[in-house]
Amino acid sequence: MNTMTQTLENKSILLVISGGIAAYKSLELIRLLKKAGCTVRCILTKGGQQFVTPLSVSALCEHEVLTEDTYKMDHIHLSRAADAILIAPASADLLAKMANGLADDLATATLLASDKPALIAPAMNHKMWSHPATQTNIEKLKSYGHQIIGPEEGDMACGEHGIGRMSEPSEILRGIEEQIHRSSLPPFLPSSLPLQGRTALVTSGPTYEPLDPVRFIGNRSSGKQGHAIAAALAAHGASVTLITGPVTLPDPAGVTTIHVETAAEMLTACEKALPVDIAVCAAAVADWSPAEQQDHKIKKRKRGNPPDIALKENPDILKILSNHKNRPALVVGFAAETKNLIENANEKRTRKNCDWILANIVGQTTQKTFGEDRNHVYLITASTNEDWQPMSKHAIATRLTEEIANYFETKAIQDAAE
Ligand code: CTP
């Protein structure tokens, strides 16, 4: 048993299962929680009962499942007895009720009667997720101190594709482990979020470098990692500016998002966002752009010769920010390497003068990374390199944010001692 799993031993988890096809995954979640040594109590909402039966839930958690407020003070006892509250799946309806303080059934009354930050795993159709009403509710819930895990992008039960799938049970388990691990920290109040008062800029996505009005040089970056980092920093209290190249992802809630196209525009937007405490450069900035941009579409030549396209090098945004007169206190870059990962990433860290690098191997033997939901990164600093093992990009974002919060906490203690 690893140390994180030990965190869950003898812990009491209250799991709220609301309506959604993803409710079937909550059965696996109960199994994982039990395996980790938790006591699991479950509230199954009316909607949840349309997808899983009280009998299967109670058989797995080995406790009677709660569906009605049979005992008058259930909602009070349940929230007090739990070490952590987990809502999986959280439907759009439940999120709206929680965000607005409604308490018309056992689940919502219990959640309103609780002063614990809940871990919420939303699951819904992608249009419902990206609707401004849901995004406003999510922002409100984060401001109350709740943590959101997922949702992930993928095929939906309704046959559509988009962001709205509930995170996998193993990811949710990791999320609750992290939350319990953190629960030794002061109780949740918006003002006690670890990055409250800090400012951050994050670059994300690709850049497109135009050749002419219809063509460009670009790359396949999805922006998933950068967007997840911006969202995680905001969820931990930072005031975040996300500067993103062209992506299909929705703007993260609670983050100021600036859309750019070229590396030059990205640099201008980054410099405009300074000063900030934290910069995370996750964008896959195109290294080169056409030396000249044509005003009209480049036409095919008569003899069939392709045009010669001269390139010029783009500004290195990470390097410029790391050497800026308004340099952020902490600058984090990424490095994709095909060999000698630690050595090359460390060289990149020193050459660009940034503080940390999240490095990953790309190439023949590993996953392609671009567009994927998971990655395997190493955190490289001046003094350490840590293997973070494969995990989702959301989990990487949370872990990086926690490392950043620890960095500023340690720095504040050191500054106070001087
Ligand atoms: N980066 C940047 N501006 C550029 C190129 C890269 O800000 N013009 C940042 C990326 O956002 C990333 C880091 O630099 O944080 C490393 O990018 P990477 O492509 O791995 O390194 P390069 O500098 O392009 O070096 P090489 O391709 O030679 O490995």
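What you see is a predicted model, in which local features need pLDDT of at least 70, side-chain atom pairs count only at pLDDT 80 or more, and totals for chains, interfaces and linings use all residues. Residues are numbered from 1 along each chain as its sequence is written, and side-chain values use heavy atoms, with hydrogens and water left out.

I'll start with the ligand. How many residues surround the ligand? There are 14, and the closest are C281, A283, F334, K348 and K352. By type, the shell has nine nonpolar residues, one polar and four charged. In that count Ala, Val, Leu, Ile, Met, Phe, Trp, Tyr, Cys and Pro are nonpolar, Asp, Glu, Lys and Arg are charged, and the others, Gly among them, are polar.

Where does the shell come from? At least two residues each are supplied by α12 (317-322), β16 (330-337) and α13 (341-352). The largest share, four residues, is from β16. Helices (H or I, at least four residues) and strands (E, at least two) are DSSP runs, numbered from the N terminus.

Now the polar contacts, meaning pairs of N or O atoms within 3.5 Å; within protein, one must be able to donate a hydrogen and the other to accept it, and residues adjacent in sequence count only if both atoms are side-chain atoms. A backbone N or O atom of C281 is 2.7 Å from a ligand oxygen. For L318, again a backbone N or O atom, the distance to an oxygen atom of the ligand is 2.8 Å. D287 uses its side chain: an N or O atom there is 3.1 Å from an oxygen atom of the ligand. On its own the ligand has 570 Å² of accessible area, and the protein covers 76% of that. Those areas come from the Shrake-Rupley method with a 1.4 Å probe; for residues, only the protein chains shown count as cover.

Next, the cores. A nonpolar core is a set of buried Ala, Val, Leu, Ile, Met, Phe, Trp, Tyr and Cys residues joined through side-chain atoms within 4.5 Å. Buried means under 20% relative accessible area, exposed over 50%, and partly exposed in between, with a 1.4 Å probe and protein chains only. The largest core has 31 residues, and L15, L33, L86 and I172 have the most contacts inside it. Two or more residues each come from β1, α2 (23-35), β2 (39-44), α3 (54-61), β3, β4 and α9 (169-182). The largest share, five residues, is from α2. As for L33, leaving aside neighbours within four places in sequence, this residue is in contact (heavy atoms within 4.5 Å) with I13, C38, V40, L86, L173 and I176. A second, separate core has 30 residues, including V202, L330, W356 and L358.

On to helix α5. Why is α5 described as largely enclosed by the rest of the structure? Because six of the eight residues of this helix, 92-99, are buried. The buried ones are A92, L94, L95, K97, M98 and A99. Their cover includes β1, β3 (84-90), α6 (106-112), β4 (118-122), α7 (126-130) and α8 (132-143). Just after the helix, G101 has a positive phi of about 75°.

Some backbone details. The peptide bond from G150 to P151 is cis, with omega near 0°, and P151 sits in the loop between β5 (147-148) and β6 (152-155). L274 and P275 are also joined by a cis peptide bond; P275 is in the loop between α11 (263-273) and β13 (278-281). N10 is not a glycine but has a positive phi of about 65°. N10 is in the loop between α1 (3-6) and β1 (12-17) and is exposed, at 68% relative accessibility. Q389, also not a glycine, has a phi near 60°, and is partly exposed at 45%.

Last, V260, in the loop between β12 (256-259) and α11. Buried or exposed, at 11% relative accessibility? V260 counts as buried. Not counting residues up to four places away in sequence, V260 touches I243, T244, G245, P246, E265, M266 and A269. V260 and E209 are 51 residues apart in sequence, and their C-alpha atoms are 11 Å apart.

Terms used. Near = heavy atom within 4 Å.
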